[in-house]
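Visitor: Could you take me through one part of this model at close range? I'd like to look at how charged side chains pair up.

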Amino acid sequence: MSIEKIVEQALQDGYLTPAMEAEVGRICDTASELSIEEYMALDRLMGSLLTGEVVAVPRKQFINVMEELVLTEAIARVAEIEATSDCTLDLGDIAAYALNRLPPLYATTEEGADYQRSRAKEDLNAMIAQKVSEAIARNLDRPEFFPERQAIGKNTGDEVLSQVGTLLHAYAHKFEARVS
């Protein structure tokens, strides 16, 4: 999406979302030079933000308390299982599975979050434990289809280059690795 379209959308909606803001930033960072039209659109957006005609939506103004509750339950259960057996469980997979089967509990203030926590402990504790148990059972029962898979993480440039080289070597029959 272009800067002009993003500004037009923000003016129409009255809101500049984090995704819109990120896209404008990406365009500005990658462009060697902005056009007059792009500068004029940015100037219009800035004026609209200053007057309040457009409101910038904060990156995260709410939390899902259920995430915290599920993660706490999952960590305790996974630690217990891993301490008494030789299996390794994927905490992220377990939490995601359980969260997809539980109602969200969003809050926008600390008081709201406290209310959601107490409500969940009274009404949903058994359901949280049940869904985490189901998630663990599925995780334990899952075959190792791709044992070489790795969790998403931050790689250095050299690690990425090495991985690309390995992929090229495996899939491009005339690839020659060059060391510089």
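Visitor: Which residue forms a salt bridge with Asp-114, and how far apart are the closest N and O atoms?

Guide: Happy to! Keep in mind that this is a predicted model. The partner of Asp-114 is Arg-117, and their closest N and O atoms are 2.8 Å apart. Both residues sit in helix α6, three residues apart, which is about one turn of the helix. Asp-114 is partly exposed, because its relative accessible area of 41% falls between the 20% and 50% cut-offs. Arg-117, by contrast, is buried, because its value of 16% is under 20%.

Arg-117 also forms a salt bridge with Glu-68, and here the closest N and O atoms are 2.6 Å apart. Glu-68 is partly exposed, at a relative accessible area of 34%.

For a pair elsewhere, go to helix α7 (residues 125–141), where Glu-134 and Lys-131 are three residues apart, about one helical turn. Their side chains meet in a salt bridge at 3.6 Å, N to O. Lys-131 counts as buried at 16% relative accessibility, while Glu-134 counts as partly exposed at 27%. Back at Arg-117, salt bridges with shared partners join this residue, Asp-114, Glu-68 and Glu-110 into one network. Altogether, the model has six salt bridges.

Terms used: Residues numbered from 1 in each chain as written. Predicted model: local features only at pLDDT ≥ 70, side-chain atom pairs only at ≥ 80, totals over all residues. Heavy atoms only, no water. Salt bridge = Lys/Arg side-chain N within 4 Å of Asp/Glu carboxyl O. Buried < 20%, exposed > 50% of the residue type's maximum accessible area, 1.4 Å probe, protein only. Helix = DSSP H or I, 4+ residues; strand = E, 2+ residues; numbered from the N terminus.
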